[in-house]
Amino acid sequence: MFESNARALTVEFQGGEPLLAFERVRQIIEWIVERNVVEQRDIQFVITTTLHHLTEEVIVFAKKHHIQFSTSLDGPASLHNANRPTPSRDSYERTLDGIRRVREHLGHEAVSALTTLTAKSLEQPRAIIDEYVAQGFSSISLRPLSPYGFASKGAQRLDYSMERYLAFYKEALAYLLEINQQGVYLSESYASLLLKNILTPFSSGYVDLRSPAGAGTAALVYNYDGYVYPSDEARMLLEMGEDGLRLGSVHQPLAELLRSPVMEALLASGVAETLPGCVDCALVPYCGADPVEHFARQGDPIGHRAFSSFCKKNLGLLQHLFELLRDGDDDIQSVLLSWLNRRAYSEVLFPGYRG
Ligand code: SF4
């Protein structure tokens with residue numbers, strides 16, 4: 001990690017459940033902190049966790065090292081517990097208890113949440129959003145299921161068409177715009193990233209929306225067995241018996257990993273402006289290439305845009321956002337701008353207003 005010349009580095013622990021191996025997490029963080037006395041990088045730690053195994057020891061350590069927590073909240077109890085069954089059937093209650101304790105000890109912003117949308121979720125956009133409002137979150141992520149890991153195995157039960165997802169998203173976005181106008185600040189994170197790509201000269205930096213692709217160039221994943229992958233999605237392909245996207249092992253220097261044949265293939269297929277379909281698309285300045293997703297879904301990192309759900313998703317969402325920016329009234333535009341600036345709608349309308 002320190003072989004990278006990046007000034008700012010984010011170290012994220014993902015599972016499984018990292019808190020079940022907290023001693024290893026602690027050891028890694030302590031080594032990094034010790035080495036960083038000399039390196040002087042700007043380092044952020046994130047633990048992705050259900051928060052079910054949050055002990056006092058973890059909280060004290062997290063406070064000391066300013067660790068952020070990223071958890072999963074799929075909506076109200078019935079939906080969350082159906083998506084995440086545990087023997088005691090209290091997955092929702094335990095996650096909520098963890099969120100409360102993190103906020104109490106580390107501050108409100110120390111925990112964020114991601115939503116996994118199953119087919120069942122798509123029937124209740126308002127209930128999911130109401131849950132995020134009730135729990136005091138300022139951002140919700142309404143991302144579709146990825147084609148990896150468990151989502152692929154249970155495809156019949158969990159998966160849905162991109163058309164169905166887009167209909168859900170538009171309904172959810174309309175409701176979000178409505179409640180933001182009523183004074184609640186809750187942004188949708190993917191819309192915020194796309195708006196940043198559309199309305200500012202800066203890239204959102206989001207790995208899946210980069211061109212050249214961000215997998216491997218902006219993120220590396222070290223698996224528990226010591227093998228290195230260009231993204232978490234590439235690692236998750238392992239669960240489907242596919243290890244073709246392995247860059248090498250932890251014992252190899254970074255320069256060697258980045259020169260691996262897999263990395264060459266990803267970079268050769270990772271510039272959206274050169275890909276068949278994207279090259280003629282008006283939306284390419286705001287979109288990305290995502291060769292890993294195309295490899296997972298189509299068995300080829302270049303992929304065919306006419307059959308690509310990544311393309312369908314971004315085309316649908318970008319067109320919808322452009323329509324809202326063109327046809328939406330001033331109130332809708334103010335809410336979208338407030339998501340871009342991470343400021344409440346009332347502040348965009350009345351700068352300085354704190355009501
Ligand atoms: S919307 Fe589709 S065709 Fe257009 S740039 Fe994105 S992936 Fe390529």
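This is a predicted model: local features need pLDDT of at least 70, side-chain atom pairs count only at pLDDT 80 or more; totals for chains, interfaces and linings use all residues.
Reader: Start with the ligand. Which residues surround the ligand?

Author: Cys 278, Cys 281, Val 284, Cys 287, Arg 305, Cys 311 and Leu 315 surround the ligand.

Reader: And by class, what does the shell around the ligand have?

Author: The shell has 6 nonpolar residues, 1 charged residue and no polar ones.

Reader: Switch to helices. At what angle do helix 2 and helix 4 pack?

Author: About 40°. Helix 2 covers residues 56-64 and helix 4 covers residues 91-106. Their axes are 10 Å apart.

Reader: Which hand is the crossing of helix 2 with helix 4, left or right?

Author: Helix 2 passes helix 4 in a right-handed crossing.

Reader: Which residues meet there?

Author: Helix 2 brings Glu 56, Ile 59, Ala 62 and Lys 63. Helix 4 brings Arg 101, His 105 and Leu 106. By class, the residues of this contact divide into 3 nonpolar, 1 polar and 3 charged.

Reader: How about helix 5 and helix 8: how far apart are their axes?

Author: The axes of helix 5 (residues 125-134) and helix 8 (residues 162-181) are 9 Å apart. The packing angle is about 40°, so helix 5 is oblique to helix 8. The crossing of helix 5 and helix 8 is right-handed.

Reader: Which residues of helix 5 and helix 8 meet?

Author: Pro 125, Arg 126, Ile 128, Ile 129, Asp 130 and Val 133 come from helix 5. From helix 8 come Phe 168, Glu 171, Ala 172, Tyr 175, Leu 176, Glu 178 and Ile 179. That contact has 9 nonpolar, no polar and 4 charged residues.

Reader: Single residues now. Is Phe 69 buried or exposed?

Author: Phe 69 counts as buried, because its relative accessibility is 1% and the cut-off is under 20%. Phe 69 lies in strand 3, residues 68-72.

Reader: What is Phe 69 in contact with, leaving aside neighbours within four places in sequence?

Author: On that basis, its contacts include Ile 47, Leu 51, Val 58, Ala 62, Val 102, Leu 106 and Val 111. Ala 62 and Leu 106 also take part where helix 2 meets helix 4.

Reader: Leu 51 came up. Where is Leu 51?

Author: In the loop between strand 2 (42-48) and helix 2. Leu 51 is buried, with a relative accessible area of 2%. Its phi is positive, about 70°, although Leu 51 is not a glycine.

Reader: What about Arg 94, which lies in helix 4? What is in contact with Arg 94, sequence neighbours within four places aside?

Author: Leu 51, His 52, His 53 and Ser 88. Arg 94 is partly exposed, with a relative accessible area of 29%.

Reader: Which residues does the cis peptide bond with omega about 0° join?

Author: Ser 211 and Pro 212. Pro 212 is in the loop between helix 9 and strand 7 (221-222). The peptide bond from Gly 15 to Gly 16 is cis too, with omega near 0°. Gly 16 lies in the loop between strand 1 (8-13) and helix 1 (22-39).

Terms used:
Residues are numbered from 1 along each chain as its sequence is written. Side-chain values use heavy atoms; hydrogens and water are left out. A residue is near a molecule or strand if one of its heavy atoms lies within 4 Å of it. Ala, Val, Leu, Ile, Met, Phe, Trp, Tyr, Cys and Pro count as nonpolar, Asp, Glu, Lys and Arg as charged, and the others, Gly among them, as polar. Axes are lines fitted to C-alpha atoms, for helices over the stretch in contact, and angles run from 0 to 180 degrees between N-to-C directions. Helices (H or I, at least four residues) and strands (E, at least two) are DSSP runs, numbered from the N terminus. A crossing is left-handed if the near helix is turned anticlockwise from the far one by less than a right angle, and right-handed if clockwise. Contact means heavy atoms within 4.5 Å. Buried means under 20% relative accessible area, exposed over 50%, partly exposed in between (1.4 Å probe, protein chains only). Angles under 35 degrees count as roughly parallel, over 145 as roughly antiparallel, 65 to 115 as roughly perpendicular and the rest as oblique.
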